[in-house]
Amino acid sequence: MSDQIHTASPGYATGQLARALAAAISAGTEADRERALRKVRRWEDVVSGMADGALAVGSRTPVADTPAWVTLEVAHGGFATGRYLAEVPLSEDETARVASLPDEVPGGNERERLNLWYLGDAGQAELLDAVRAGHFRVEVPEDAALPVVALLLDRGFPEQALDLVAELRPLMHRLRLTPRFEPVARPSDSAVRLASVRDAAASLRAVRVPAQLAKMRAAVTVWDPLYDRLVALWCRTVDGELPRLGEDGSVHGGWPCRTWPADWTAARAQWLADFADMCRTVAPSGRQTNPKNNFARLRRALEACPHGSLGLTAREVGWIRRAIANTVSRRGAPETEQRGAWHAARAATVMTPTNAALARVLASRLDRFPADGGLPSLDVATAAVSEAETTAEIPCGTTMPDRLVHKAARALEAPADELVRLGVITSGETLAAVLPQLTSRLLSAAIDDPVVAGLHEQTYTAFRRRRRGLLLLNLEHQVQFTELPWVQALASFKSPQPDNAAAARRALRQITMLALTAFPHALLPNPLVTEIRTLAKQAELELPLVEEVAADIFMGTFTTKWRDAAAVASRLLSGTLYANYYDLPADWSEPQRTVLRWGKRTAADFTELCRQRAGTTGGSTAANGMLLEQSQILTTHNLAVLVDALDLTEELREHAPGLAGRTLSWIVRRQAQRTDHLHAALIKVKNTAYAWRQALFLLSFCEPGVQMSLAVKLGTELRGSRLVPAVEGLLQVLEGDRFTPAGTMRRGNGRRFLGWARETNPFLGYAGGKSQ
């Protein structure tokens, strides 16, 4: 196989740009439109950059003349846009600082002058004061660069400081290299949170009254009172009893336009003026604009008779009479108890406190806490509305809806497992988003100097939070935290700490079990694998952890860690249900055959085995998917490696029956969901097959009786579905049978469940646009 350099096709980016443009055109709200337009801008940058050669998508340095350490803006799918996240306009504070700088401070623009000033004595003193007090925030990794320079010089490392300045100097005119200064120190403890108080409050303030409810409330508060006044105006012109409807729908009673009170003309003019004012502030609904509606009929008639009924035809007077009869018969005459009761009942259904109003109350409560911090408890969110918070719309004692409490809970600082229990962390991806807060503290624990450790901690958290993975080809790897020049410079401050490895190992065990027990049906996502790998290094464990690779960018080969992980899986699972179901190789003791490709050692024997098992050499997306699925089967996608290295076997045996049952129940629910499009059906069968593999791994730690009981129960719940052959195959394996190389049974209809296939997948529940 050649080492031809692969490049990314612009087709995906062009398609994303078209979708973003369509979303911008069809956006329902201004906020939706702004979000869509931001996506349009990003994808325009990607497409134009790929077209003119400014972007080399697929490389770890995709932007021309840009070192790998620069934090890039990355669109969905790993496409760099060409923009730098640290290339931002000066803030108000920075603008004021630049205005106060002496004329002799050099620089070609304001950003460069500011960065260079921070390299002087006064600037370094300001940075050191902020870092020592903890009064700073690292939002993008580059924010820590110049504070590191200041610390190196202050602590007696001038050579390292000069080397770092030389690395940063070419981009000082573009990048912000200093943190945001804050009056309050950032708290640091063992708890984690998903969002800051500021973000949670902003999310609450973004809650809006639903459009339909807003129309209903406008009807009750604006249009109903106007309509009552309009009906009352016409009722004053009736001679005799007010018109009413008979049982047969005929109109009985007096006629309008027969008597004209002296103040009627003035009252008419006032009503029309009020109506015009309301239309300028509240959009009329169909009731006010539909020409056949009583409101619209009576309004048009009012406009047509400035001086009595001379401008009305007999037919129009008849319609006025019928309109009065309709409303009086159904709701009562104006200013009567019957009509008042109808209004009260109508108001009661729509005038309860809205989530938007309650969200503003809750956001105000959150404002009492440090904006960049978290909430110590949920009491602030669950407490009922107090007397001080009461408004005309919100009575005292109103409870906060669960939806709003959940929004506030995103800022709750608590152990990760507690956030999982509360439903704040809902997936492995979300778990990965909070783990850097723990990992950063463990990494920084190796630094004796607390000031340097605090800066290191914030830098790592910002790196994990803001640096998105690039689409990489040719076996290239993502830029690592330790590749940042200012992080490399901080290595001078590190000292070995044996207890740090033990703490990292404990954290690694807890996180692994948390991921398994919270989301047993799901693969460990790449961001979570990244955090686990970082913790493993801190725990001084060399683990062959593997990533999920996209089928459309797969290079057709695997590095040696995949083979190492497969060897662990075969050893750990030998003789188990998983090994029997997937026919895991019994022996990996043969010397490993490797091939050097793109400067990396690749496992030729592992790659060949995946091809044999998949029955394809790859090439197309589907064929690549089949190869990758076999790699995941052989390695258990990190489960065996983690369970083995962390001695989790006995702990997993305790939880396995419940976790396997939950995973199988997830499969049943997923199978019951409709898939009206082919792409959705393909995603459904792929994810279900992955969950199936997770379930078999967990079942392998259960007693045989439990395995059979859960499999029989699954067969009952999936009766009549596309997965019946999969269940039959599972039951036959439990009884001692084995699949043929084709994945079928020699007797019966049992079939091995796989998510990828070259042609139509037999488990694909989709045909001709209908879910099956």
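Predicted model: local features only at pLDDT ≥ 70, side-chain atom pairs only at ≥ 80, totals over all residues.
**Aromatic rings at a glance**

**Tryptophan 69 and tryptophan 486**
- These two rings are edge-to-face, because their planes stand at 85°, which is over the 60 degrees needed, with the centres 5.4 Å apart.
- Tryptophan 69 is in the loop between helix H2 (30-52) and strand S1 (72-75), while tryptophan 486 belongs to helix H21 (residues 485-489), so the pair ties together parts 417 residues apart in sequence.
- Tryptophan 486 is buried too, with a relative accessible area of 0%.

**Phenylalanine 753 and phenylalanine 763**
- This aromatic pair is tilted, with 4.7 Å from centre to centre and 55° between the planes.
- Both residues lie in the loop between helix H32 (724-734) and strand S9 (766-767), so here the pair ties together parts that are ten residues apart in sequence.
- Phenylalanine 753 counts as buried at 1% relative accessibility, and phenylalanine 763 counts as buried at 4%.

**A cluster of rings**
- Phe753 and Phe763 also belong to a cluster linked by ring pairs, along with Tyr578, Tyr581, Tyr582, Trp692, Phe697, Phe701 and Phe739.

**Arginines over rings**
- Arginine 297 sits over the face of tryptophan 319, 3.7 Å from the ring centre.
- Arginine 321 does likewise over the face of tryptophan 255, at 4.2 Å from the ring centre.

Notes:
Residues numbered from 1 in each chain as written. Heavy atoms only, no water. Phe/Tyr/Trp six-rings, centres within 6.5 Å; stacked < 30°, edge-to-face > 60°. Helix = DSSP H or I, 4+ residues; strand = E, 2+ residues; numbered from the N terminus. Buried < 20%, exposed > 50% of the residue type's maximum accessible area, 1.4 Å probe, protein only. Lys NZ or Arg CZ within 6 Å of the ring centre and 35° of its normal.
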